[in-house]
Number of protein chains: 2
Amino acid sequence: MSPHPLDPLSPEEITLAGRLLKKAFPGDHIVFRVVTLQEPPKAHMIPFLDAEHTGKPSISSPKRTAFIQFYRGTAADFREVELELHTGIIRREKKLEGKHSYLDTTESQATEKACLNSPEVKEAIRMLELPDDAVVCVEPWTYGTDGMNDMAERIIMCYFYMRLGGHGDANFYAYPLDICVEMSGLEVKRVLSLPMGEHDRTGEVRDIGVKPFDRKKIHREENEYHPDLQTERRTTTMPYQVVQPKGPSFHTSGNLLTWEKWRMRVGFNYREGLTLHDVTYDGRSVFYRLSLSEMFVPFGDSRAPYPRKAAFDLGSNLAGLNSNNLQLGCDCLGHIKYFDGYFHTSAGDPVVLPNVVCCHEVDDGILWKHTNYRTQNAVVTRSRMLVLQTIITVSNYEYIFAFQFTQDAAINYEVRATGIVSTAPIDIGQKVPYGTVVAPGVMAPYHQHLFSLRIDPAIDGHKNSLMVEESHAMPINDPSIHNPFGVGYTTANEVVESETPLDLDINKARVFKIINENVKNPISGGPVGYKLVPHPSQMVLSHPSSYHSKRSEFGEHAVWVTRHHDHERYSAGDHTMQSLGGEGIASWIRSRSSPLGVRDEDIVIWHTFGTTHNPRVEDWPIMPVDKMTVSLKPVNFFWRNPALDVPISSQGENKSVLVKDVNAGDDVAVKTACCKL
Amino acid sequence: MSPHPLDPLSPEEITLAGRLLKKAFPGDHIVFRVVTLQEPPKAHMIPFLDAEHTGKPSISSPKRTAFIQFYRGTAADFREVELELHTGIIRREKKLEGKHSYLDTTESQATEKACLNSPEVKEAIRMLELPDDAVVCVEPWTYGTDGMNDMAERIIMCYFYMRLGGHGDANFYAYPLDICVEMSGLEVKRVLSLPMGEHDRTGEVRDIGVKPFDRKKIHREENEYHPDLQTERRTTTMPYQVVQPKGPSFHTSGNLLTWEKWRMRVGFNYREGLTLHDVTYDGRSVFYRLSLSEMFVPFGDSRAPYPRKAAFDLGSNLAGLNSNNLQLGCDCLGHIKYFDGYFHTSAGDPVVLPNVVCCHEVDDGILWKHTNYRTQNAVVTRSRMLVLQTIITVSNYEYIFAFQFTQDAAINYEVRATGIVSTAPIDIGQKVPYGTVVAPGVMAPYHQHLFSLRIDPAIDGHKNSLMVEESHAMPINDPSIHNPFGVGYTTANEVVESETPLDLDINKARVFKIINENVKNPISGGPVGYKLVPHPSQMVLSHPSSYHSKRSEFGEHAVWVTRHHDHERYSAGDHTMQSLGGEGIASWIRSRSSPLGVRDEDIVIWHTFGTTHNPRVEDWPIMPVDKMTVSLKPVNFFWRNPALDVPISSQGENKSVLVKDVNAGDDVAVKTACCKL
């Protein structure tokens, strides 16, 4: 069976792509960095999907094409190509001069090893007078541009921790050491001592000298999260299981997923991780593509070298490649379907990334209810949700990303932040204004998480508009306006005409509606649409002149609307590793020769949201999830409640159990009537 | 066993209270309006609870006292008393002159009957030329003051609908009729015709005349939500059950509820419904009392008589009394404990309100996770939540209120709005700027839901403060500030000194921390606290000079802090029925002879949140839930993650099931390893 044009490359296709590329560069040593599906141009996909949706005779499928990034010989010759798999023809080739590829485990491990083997580093560690059982762990970080280095050179920052007590899963982030190393390639450039108080400034390790405190004294069980290292564990939480006697309500066939009235294709790639394509509800087109475009984690500590801590966890660290292998019984309950992803070795051989996406259902409480007080009859439905979840680990931290589909035709995008907060050393007794002391000697710096959700809508077709709606009090002293009691309010609507960023305004109940002006709702008389229910968030705090701001253009505003372009997918630019700015969403808009109209056009909506995370002590040693949710909800898209036909809740199917009071004498009546149905 | 001082009055106590009151007013005809627990003064409760918490010899329990409101003879003599149950002594008595008691079912039904029996109303209905099978339904509404009537007179507004098709649960809100009636007592004051378009103005029914359209044509199945009247019902949703093989993790003994490390007393009264008292975590005091104080639903339609639609669903309609009888298998899954409430007849006899609160657990996905990429070992815990849920029906509409307790020591307050939107008639083809046409001839007016959550904190004691924290970029051109890269940011804190309203500011990541300045966190060095995570919402839209605004003082600002007073519990005032304003939270603050300090004092925090609900067609004929969530989260209250000891997730306990691909040839490996534990 031939793959669907939106299916990720199969292992066989990855092998083929590698072979074809090597053939195209005979004699060269090829280091494969990326081999992934080059998604077909939307212009080709639209007629294909239209035919597919309407069951018309299939038109010819867009060609399977691989997008490949590779080093030709060395990293100095970094290139990308689009390679047609059935012909081997290279359709596009580009030298990526001055660009850096992502940081992966291979490079991290080699960097760590080289760093630890360097005599200067060994000497610096010796001077720290660590306990005998300390195992030093080096954490390589992508270099967050601060303007102090020649940007062409690839720099990796190494931060140091120690593991105590001999257990491999001891929490080394609890013991940050007060040195760091700047690496270039596998060479140590500089060994620096880290600031240990508000007024310390970093410098060469020998300049400042090391003032070790007795690190043995700070070894404490409270720093550990691994169950082997925890003696206390509550035993009061009774088991809780989800039973689905007739199996799940979803169906999959390859990457095609159907559930209730939803239908979509599940995609996955090395960078964005989970992507969703061609999302329809009850046969009507809703979204062409949904994905996390980028995320940025800038730190607020102003002391060098910390301004270099500024992570693009998609562009530089790769959400797809860092996806967890999800396990039965751990990451979800009930009936679970897993999707695998595929990557490849540097030689171009395919590698399975097992279980990177899990698909399951959850009960989300009541969906709708009404009791007719005249008859006392209640009717209740429960809300079932379909969840597509993926979890990434980026060194110390984890993100849980979930698309949730509801029976009332909404889509939620939920992000949970967890894992271990990034830590820095601090002298006992010191405080800093840009961080929280979470354990003795351990400071968790303030930081932001800014996510950029890319929403490529197809609301009843591909020509869409963005309408901004606000709720305004009616004036009271305008004789032309009938508002005699001062209580009237109405909505003001404006359709956005050309590409622009937009801000939220809670005080005006500003709503962003993605509408199709060509399709009217026969009941309301207005256009059909979906609204974005944003997650209200503080935008990026760094100064506009800073590299943080220049590099994370999406972080400046909460909502952006652009005209669709196939190659505009990453809102901080295609290459975030050591980027200098000027290549994200604001730059795209600025670069147009004249303003591009976005009314009744193929548009993309981008939502920036996140959290200003000033750590609590409660976030230590492992952080309970911090949840953020964005929703896309139909607004006059349907002719009535799309969940009107959801099964009525009943005890016959739900099989709940009555709990009696612990007091023996308690006379709880047996209650079995269920909403009188 | 003697009741706990915070236990609601038992049926026996209600009987006793009634008997004692009648004895105190011999010969009078007493119409009981309210018989409920007069909660003991906080000044008496604090030493009692301190002794209880520390296991010291119990000090004498505060006296059981009933709070009673009643008509002495007629509603013209409306009074309230505090009556000591063990002595029969009336401790306080007050004549409630000019105040109106709530609207209940008895009065509603009598009003409806009187209205329908009136010759003028009969004539008005005749003129509407309704279909033969039409059953006219009258909906009595509390009178939302608009300044047009003598306020001393009790007015009930009657809106008219018709039920078609003969089924008792047919949705009559789908057929709003174009008349309404102003009732005084059981007398018809005026019959009015309703405006049918934007420029119509209401008047005497005969003045404007009735222009009936053929109502038979608008009878449609799409208007029905009751399963008997719905032919379409999806069959794709497979059963989903929650199984708890060892029972629930919570324990109750009377109104005392313990779950995980939480301990609290469940309260319930006729007005607020569910209340929570003396909430502790792991033996540490957190909140003295949590409750919904009030809610206000003003409508945005400026045409008379609609400015009278402005419901105080607690003060005038009573959340407690309108609480649903929750049923096994309908409103929750799993193991469910129900709590009953108690009310009384107008004669003072106790009445059980069965199952008004349900208590159950839910799984809320992942609580924390980390994968050590060096060992590839993942550790996951799942988040179990305890939910205390109550649902109220206020004529057409329902609210689902839930306190959710988490294992990481947070409390969420979730509100779901569902039911049937309020409707008004509209001529076919007409539109109005303050409403959505949701079905032919049916307009759902714009409205707001504004909730006032009352948070009476006891963070490690009763002397608390409110700290407002913001995240600010560090300046870049101040030589005294070290911010060479322009990326630094810090927090600015201010402790509120005296009673005041406050607003949200998302752009500054403004956080409201309830702190105890007397208790320092030994790790962070700062005060212990809980933060309010608000639900950002538009505040009340009506003009400050309007009765809507004057009556709903809490609706003007998102956060309020006041000094605790036992009698300040309802933020729109004790008497909202036909209120004129000047008796809510702003008035309390204004009324102090000098500003009251709220720093290191016994304080109360009030959060106003809600939604500007401009209905969608999708909200018809029954509305899928619209969710709002407010959270209270520990912030440097604990010395580490309080959920660190939660059981590690494992397949052995969770018993999930692997779903294979529908394609026969699919070779899904059997995956059983669970996080390697």
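Which residue lies over the face of B:Phe638, and at what distance from the ring centre? In this predicted model, that residue is B:Arg284, found 5.5 Å from the centre of the ring.

A pair of aromatic rings is described by the distance of the centres and the angle of the planes. Over all chains, the count comes to 53 aromatic pairs. Take A:Tyr399 and A:Phe401: with ring centres 6.0 Å apart and planes at 10°, the pair is stacked, because planes under 30 degrees apart count that way. Both A:Tyr399 and A:Phe401 are buried. In chain B, the rings of B:Tyr161 and B:Tyr173 have centres 5.2 Å apart, but their planes stand at 70°, so this pair is edge-to-face. It links distant parts of the chain, with B:Tyr161 in strand 6 (residues 155–163) of chain B and B:Tyr173 in the loop between strand 6 and strand 7 (176–184), 12 residues apart. B:Tyr161 and B:Tyr173 are buried as well. Back in chain A, ring pairs join a whole set of residues into a cluster: A:Trp262, A:Tyr281, A:Phe287, A:Phe405, A:Tyr530, A:Phe637 and A:Phe638.

Next comes a helix. Helix 4 of chain A runs over residues 119–127, and its buried residues are A:Val121, A:Ala124 and A:Ile125. Around the axis these cover an arc of only 100°, which means that they sit on the same side of helix 4 of chain A. An α-helix has 3.6 residues a turn, so residues three or four places apart point the same way. What does the face turned away from the buried side of helix 4 of chain A carry? Exposed residues are found there, namely A:Pro119 and A:Arg126. After helix 4 of chain A comes A:Glu129, which has a positive phi, near 50°.

That leaves the meeting of the two chains. Here 193 residues of chain B are in contact with 191 residues of chain A. Between them the chains bury about 16100 Å², with 54% of that on carbon and sulfur atoms. On the chain B side, B:Arg234, B:Tyr240 and B:Tyr489 lose the most area to chain A, yet together they make up 6% of what that side buries. Charged side chains take part too, as 18 salt bridges are counted between chain B and chain A. One of these salt bridges brings together the side chains of B:Asp331 and A:Lys369, at 2.9 Å from N to O.

How values were computed:
Residues are numbered from 1 along each chain as its sequence is written. Chains are lettered from A and ligands numbered from 1 in the order in which they are written. This is a predicted model: local features need pLDDT of at least 70, side-chain atom pairs count only at pLDDT 80 or more; totals for chains, interfaces and linings use all residues. Side-chain values use heavy atoms; hydrogens and water are left out. Rings of Phe, Tyr and Trp (its six-membered ring) pair if their centres lie within 6.5 Å; planes under 30 degrees apart count as stacked, over 60 as edge-to-face and the rest as tilted. Buried means under 20% relative accessible area, exposed over 50%, partly exposed in between (1.4 Å probe, protein chains only). Helices (H or I, at least four residues) and strands (E, at least two) are DSSP runs, numbered from the N terminus. A charge sits over a ring if NZ of Lys or CZ of Arg is within 6 Å of the ring centre and within 35 degrees of the ring normal. The arc is that of the directions from the helix axis to the C-beta atoms. Contact means heavy atoms within 4.5 Å. Buried area is the accessible area (1.4 Å probe) that two parts lose on being put together, summed over both. A salt bridge is a side-chain nitrogen of Lys or Arg within 4 Å of a carboxyl oxygen of Asp or Glu.
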